[in-house]
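Please look over the structure below before reading the report. The headings follow it part by part.

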Amino acid sequence: MRAISRAVRRNDKRLGLVPTMGALHEGHLSLIRAAKSQCDTVAASIFVNPLQFGPNEDLAKYPRDFDRDCELLKKEGVDFLFAPSVEEMYPAGAVTHVTVEGLSDRLCGKSRPGHFRGVTTVVSKLFHIAEPDVAFFGQKDAAQLAIIRRMVRDLNFPVEIKACPIIREPDGLAMSSRNAYLNAQERMAALALYRALKRVQELFDQGERNVTRLTDAGKRTFMEEKSARLDYLEIVNPDSLESLSDVEGTALAAVAGFVGMTRLIDNVVLGLVNF
């Protein structure tokens, strides 16, 4: 991967990287298309990162279909696929981690201790290995996006971070590899996340700026779905992930919830969006 990256740069070409954990869907493919439109050469990575899974989470059953993923990437015209083993990425006895203090304890970081440390550790390694000019991430993982941006800034990574819009099913459900876990009944219940955010967006568009009133309305809408369990619904600064009392300018409304055993996330940006 390093040899490929250096060869690309020697020819004054712009390398784009799309990091994934596989189980690819239209959301991932939209990142590939964005990378192809902005870069001369596109690499994707597939690596199910054990560091970002907690002890009771779904690492063992996380959906994997490497052959299908490869076919999808070929069809989209990806130039290179980097698919390392766990042993390659984490040599025996590895004890070094990358942590973005403060931000990593907010939103999903509160519910999943250590999750974002696993994310920033693996992404920093991918950046060192692939040395991309641009890396593409989905807005669905908004907290991850903010944390990676801060890491890149703080550690002077020479990489531009591009965010791409959430890709949704026709009924509004945000596309996610974990949607594959849902049965038909759970699939309908999962729309509670989108409906809650839509209610927040409606009130915001009507002029409401008080965060407590916005979040309370979103939570009430979520709770109408009895078979879904709310983890959090918060409105925060999209860069620092700090809680807000009132929305001034742009804010991130983020929600996480459980449908059956499956944990799902979604978000909407209130105010001006600049992808």
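This is a predicted model: local features need pLDDT of at least 70, side-chain atom pairs count only at pLDDT 80 or more; totals for chains, interfaces and linings use all residues.

## Helix α3

Helix α3 spans residues 66–75, and Asp69, Cys70, Leu72 and Leu73 in it are buried. Viewed down the helix axis, these buried residues lie within an arc of 165 degrees, so they line one face of α3. The cover over them includes α2 (26–38), β2 (41–46) and β3 (80–82).

The face turned away from the buried side carries Asp67, Lys74 and Lys75, which are exposed. Just after α3 comes Gly77, with a positive phi of about 80 degrees.

## Helices α9 and α10

Helix α9 (residues 191–205) and helix α10 (residues 211–223) have axes that come within 8 Å and cross at roughly 150 degrees. The crossing is right-handed. Residues in this contact include Leu203 and Phe204 of α9 and Leu214 and Phe222 of α10. By type, the contact residues are nine nonpolar, two polar and two charged.

## Aromatic pairs

There are three aromatic pairs in the structure. In one of them, the ring centres of Phe47 and Tyr90 are 6.1 Å apart and the planes stand at 50 degrees, so the pair is tilted. Phe47 sits in the loop between β2 and α3, and Tyr90 in the loop between α4 (86–89) and α5 (108–111), so the pair ties together parts 43 residues apart in sequence. Both residues, Phe47 and Tyr90, are buried.

Phe127 and Phe157 form an edge-to-face pair, with 5.7 Å from centre to centre and 75 degrees between the planes. Phe127 is buried at 5% relative accessibility, and Phe157 is buried at 13%.

Definitions and conventions: Residues are numbered from 1 along each chain as its sequence is written. Side-chain values use heavy atoms; hydrogens and water are left out. Axes are lines fitted to C-alpha atoms, for helices over the stretch in contact, and angles run from 0 to 180 degrees between N-to-C directions. Helices (H or I, at least four residues) and strands (E, at least two) are DSSP runs, numbered from the N terminus. A crossing is left-handed if the near helix is turned anticlockwise from the far one by less than a right angle, and right-handed if clockwise. Contact means heavy atoms within 4.5 Å. Ala, Val, Leu, Ile, Met, Phe, Trp, Tyr, Cys and Pro count as nonpolar, Asp, Glu, Lys and Arg as charged, and the others, Gly among them, as polar. Buried means under 20% relative accessible area, exposed over 50%, partly exposed in between (1.4 Å probe, protein chains only). The arc is that of the directions from the helix axis to the C-beta atoms. Rings of Phe, Tyr and Trp (its six-membered ring) pair if their centres lie within 6.5 Å; planes under 30 degrees apart count as stacked, over 60 as edge-to-face and the rest as tilted.
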